[in-house]
Amino acid sequence: MSMFFSILILISSISLILSVVLQEGSEQGIGAIGGGNAGDSMWGKSRGKSKGEILKRLTIASAVVFMISAVVLAAI
């Protein structure tokens with residue numbers, strides 16, 4: 001049983017690291033009150049947003065799996 005949770009921690013930690021590294025920084029838009037970048041098209045904005053949303057959800061899911069596995073492994 002502890003081997004299963006150890007492998008689960010390993011997989012979730014690798015996916016957590018990769019999902020955080022692949023995310024784009026949000027400091028580009030800080031300080032902008034309105035409008036957008038002139039170079040962005042509507043398709044480009046939605047594509048970037050969907051990739052960012054997928055990475056954000058993957059980060060949250062990996063963190064939850066990692067935390068639960070760590071608590072269960074510590075309790076065993």
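Predicted model: local features only at pLDDT ≥ 70, side-chain atom pairs only at ≥ 80, totals over all residues.
Residues are numbered from 1 along each chain as its sequence is written, and side-chain values use heavy atoms, with hydrogens and water left out.

**View 1. The chain as a whole, with 2 helices and 0 strands.** Helices (H or I, at least four residues) and strands (E, at least two) are DSSP runs, numbered from the N terminus. Of the 76 residues in the chain, 11% are buried, where buried means under 20% relative accessible area, exposed means over 50%, and partly exposed lies in between (1.4 Å probe, protein chains only). Among contacts (heavy atoms within 4.5 Å) between residues at least 6 apart in sequence, 100% join residues at least 24 apart.

View 2. S19 lies in helix α1, which covers residues 2-22, and is buried because its relative accessible area is 1%. Leaving aside residues up to four places away in sequence, S19 touches L55, L58 and T59.

**View 3. A63 and S13.** A63 has its place in helix α2, residues 42-75, and counts as partly exposed because its relative accessible area is 28%. Although A63 and S13 are 50 residues apart along the chain, their C-alpha atoms are separated by 7.8 Å.

**View 4. A nonpolar surface patch that includes I14.** The patch, of about 390 Å², is made by L10, I14, L18 and L22. Patches are made of residues with over 30% relative accessible area and no salt bridge, like charges being joined within 9 Å and nonpolar side chains (Val, Leu, Ile, Met, Phe, Trp, Tyr) within 5 Å; a salt bridge is a side-chain nitrogen of Lys or Arg within 4 Å of a carboxyl oxygen of Asp or Glu. I14 is found in helix α1 and counts as partly exposed, at 45% relative accessibility.

**View 5. The aromatic pair.** The structure holds 1 aromatic pair. F4 and F5 form this pair, which is edge-to-face, at 5.3 Å centre to centre and with 75° between the planes. Rings of Phe, Tyr and Trp (its six-membered ring) pair if their centres lie within 6.5 Å, and planes under 30 degrees apart count as stacked, over 60 as edge-to-face and the rest as tilted. F5 is buried, with a relative accessible area of 12%.

Terms used
Areas by Shrake-Rupley, 256 points an atom, 1.4 Å probe, with all protein chains shown as cover.
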